[in-house]
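Student: Could you walk me through how to read a few features of a protein model? I would like the general idea each time, then the case at hand.

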Amino acid sequence: MKWLKRLILLCAVLVAALAVVPLFISIDDYRPRIERLLADKLREPVTIQRMRLAGLPLPHVVVDGVKIGKADIKVGRIAVTPDLLSILSSTKVIRSIDIDGLVLNQRALDRIPLWTRPDPKAKPAAFTVQVRAITLDDVLLQLQKATFGPFDARISLSASGFPERADISARDGKFRAKVIPSDGKYAIEANAKGWRPPAGPPVLFDELQIKGVATTSDAHLPDIRAKLYGGTITGTSSVGWQKGLQVKGAYQVNGIELRDLVPLFSPQTKLSGRLTAKPVFSGSAPSAGQLQNVLKLETPFDIRDGVLQGIDIQKAASSLLSKDSSGQTRFDTLSGHYALDRGTQRITNLKVASGSLAAEGNVTIAPSKALSGRINARVGSGKLASATVPLNVSGTVDSPMALPTGASVTGAALGTAVL
């Protein structure tokens with residue numbers, strides 16, 4: 001058993017050496033030179049707080065407090081673990097690069113393609129570097145109008161340096177995605193539960209599944225499924241970004257309750273009921289911020305068993321001499337065709353049915369949220385049971401009004417005089 005004791009003793013000596021030797025070797029003296037080299041390469045100021053060697057669990061270099069640009073990129077800690085056996089070969093192998101506390105803002109994301117572009121004037125390197133794996137923990141993306149993260153990522157690389165697989169997961173466990181390269185494309189699969197997207201209205205997805213394929217210039221997502229607000233959405237989307245931003249898609253919406261969803265898009269609008277629709281949309285703009293101004297969308301829609309707050313169509317049709325149409329309209333069905341074109345919304349073939357009330361018409365919503373249009377209403381009880389009353393729609397989305405037309409008011413006044 002002497003050989004076993006000697007082996008244990010040897011292992012203990014090696015572990016002790018790996019733990020103690022870095023205490024006597026300082027690489028922080030190379031920090032200013034490395035900062036200058038990185039600054040020349042990126043054409044941005046680079047600062048590093050500290051560099052040191054560590055021996056356990058494997059020998060590695062630790063870099064603390066990295067900043068690039070005007071705090072466009074901040075990194076709390078980077079650990080680089082080399083393959084010591086490859087040091088003497090022409091290909092230097094790095095087992096892993098572990099990055100902790102990475103923060104990227106929008107300016108950094110826009111400039112990364114420039115930083116990684118090959119320099120045609122650069123001299124060929126005397127050796128090549130091969131990275132096997134990249135690990136990112138506690139990453140935060142600070143976009144122009146949203147923040148994504150914190151999340152973790154695991155990226156494995158091939159011998160040629162191309163990603164073999166990437167796994168991304170939010171730190172709260174609500175979002176997971178994986179990307180697998182194949183034949184110049186990237187297979188994408190994402191899953192989320194109890195998740196709100198980082199951009200746009202804070203819609204809460206009970207469940208979300210996305211499958212598709214992406215390239216360096218576009219992405220096609222033929223399988224999108226979601227459960228939210230008591231209903232479901234299924235459909236397909238495509239996104240292109242080679243020249244500006246282009247989007248298009250088609251969806252099937254079934255049974256979504258609008259009571260809590262509508263205020264996320266229009267805080268002052270109160271509408272409830274179960275929505276069924278088939279939206280189709282498309283748009284093309286130089287940037288994402290301009291897309292909303294050129295987006296086109298249209299869909300038939302049908303809302304069941306709901307309430308429209310802010311306007312009482314039945315009161316407006318029954319009280320012709322009154323200028324007050326405030327209140328609420330309860331309906332069994334509210335249907336029609338909705339179209340959005342460059343900020344202007346049009347609702348045509350609008351039909352409202354609820355017990356004694358039946359109404360139909362057209363309404364336009366301007367980009368300023370101003371309302372215009374006409375509704376023909378019939379109330380099936382009282383003295384106006386067989387009359388059709390035309391109502392002018394005006395006001396705004398936040399404060400709608402439906403008042404009788406001039407002819408309707410005149411007729412009501414004459415009727416009152418005769419009585």
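**Reading strands, salt bridges and rings**

Tutor: Happy to. Let us begin with a strand pair: strand β16 (residues 280-285) pairs with β17 in the antiparallel sense, over three bridges. Keep in mind that this is a predicted model.

Student: Which residue in β17 is the bridge partner of Val280?

Tutor: Val280 has Glu298 as its bridge partner in β17. Strand β17 covers residues 296-309 and is also joined to strand β15 (residues 274-277) by four bridges, again antiparallel. In that pairing, Ala277 stands opposite Phe301.

Student: How many bridges join β17 to strand β18?

Tutor: There are 13 bridges between β17 and β18 (residues 328-341), and these strands run antiparallel. To place yourself in that pairing, look for Ile303, whose bridge partner in β18 is Leu334.

Student: Through how many residues does the hairpin join β11 to β12?

Tutor: Through three residues.

Student: Now salt bridges. How do I read one?

Tutor: Look at the distance between a side-chain nitrogen of Lys or Arg and a carboxyl oxygen of Asp or Glu, with 4 Å as the cut-off. The structure holds eleven such salt bridges. One of them is between Arg154 and Asp137, with the closest N and O atoms 2.9 Å apart.

Student: Why does the Arg154 and Asp137 pair tie together separate parts of the chain?

Tutor: Because Arg154 lies in strand β7 (residues 147-157) and Asp137 in strand β6 (residues 133-142), the pair ties together parts that are 17 residues apart in sequence. Arg154 is partly exposed at a relative accessible area of 38%, and Asp137 is partly exposed at 22%.

Student: How far apart are the closest N and O atoms in the salt bridge between Asp138 and Arg171?

Tutor: They are 3.9 Å apart. This pair links distant parts of the chain, with Asp138 in strand β6 and Arg171 in the loop between β8 (163-170) and β9 (175-182), 33 residues apart. Asp138 counts as partly exposed, at 31% relative accessibility, and Arg171 counts as partly exposed at 46%.

Student: Which residues are linked with Arg259 in a network of salt bridges?

Tutor: The network links Arg259 with Glu257, Asp260 and Arg274. Within it, Arg259 forms a salt bridge with Asp260, the closest N and O atoms being 4.0 Å apart. Asp260 is partly exposed, with 45% relative accessibility.

Student: And aromatic rings?

Tutor: A ring pair is described by two things, the distance between the centres and the angle between the planes. Counting pairs whose centres lie within 6.5 Å, we find five aromatic pairs. One aromatic cluster is formed by Phe148, Phe151, Phe175, Trp195 and Phe205.

Student: Last one: how far does helix α2 reach from its first C-alpha to its last?

Tutor: Helix α2 (residues 31-42) reaches 16 Å with its twelve residues, close to the 16 Å expected at 1.5 Å a residue. After α2 comes Arg43, with a positive phi near 60 degrees.

Notes. Residues are numbered from 1 along each chain as its sequence is written. This is a predicted model: local features need pLDDT of at least 70, side-chain atom pairs count only at pLDDT 80 or more; totals for chains, interfaces and linings use all residues. Side-chain values use heavy atoms; hydrogens and water are left out. Rings of Phe, Tyr and Trp (its six-membered ring) pair if their centres lie within 6.5 Å; planes under 30 degrees apart count as stacked, over 60 as edge-to-face and the rest as tilted. Helices (H or I, at least four residues) and strands (E, at least two) are DSSP runs, numbered from the N terminus. Buried means under 20% relative accessible area, exposed over 50%, partly exposed in between (1.4 Å probe, protein chains only). Two strands pair if DSSP finds at least two bridges between them. The expected span of a helix is 1.5 Å times one less than its number of residues.
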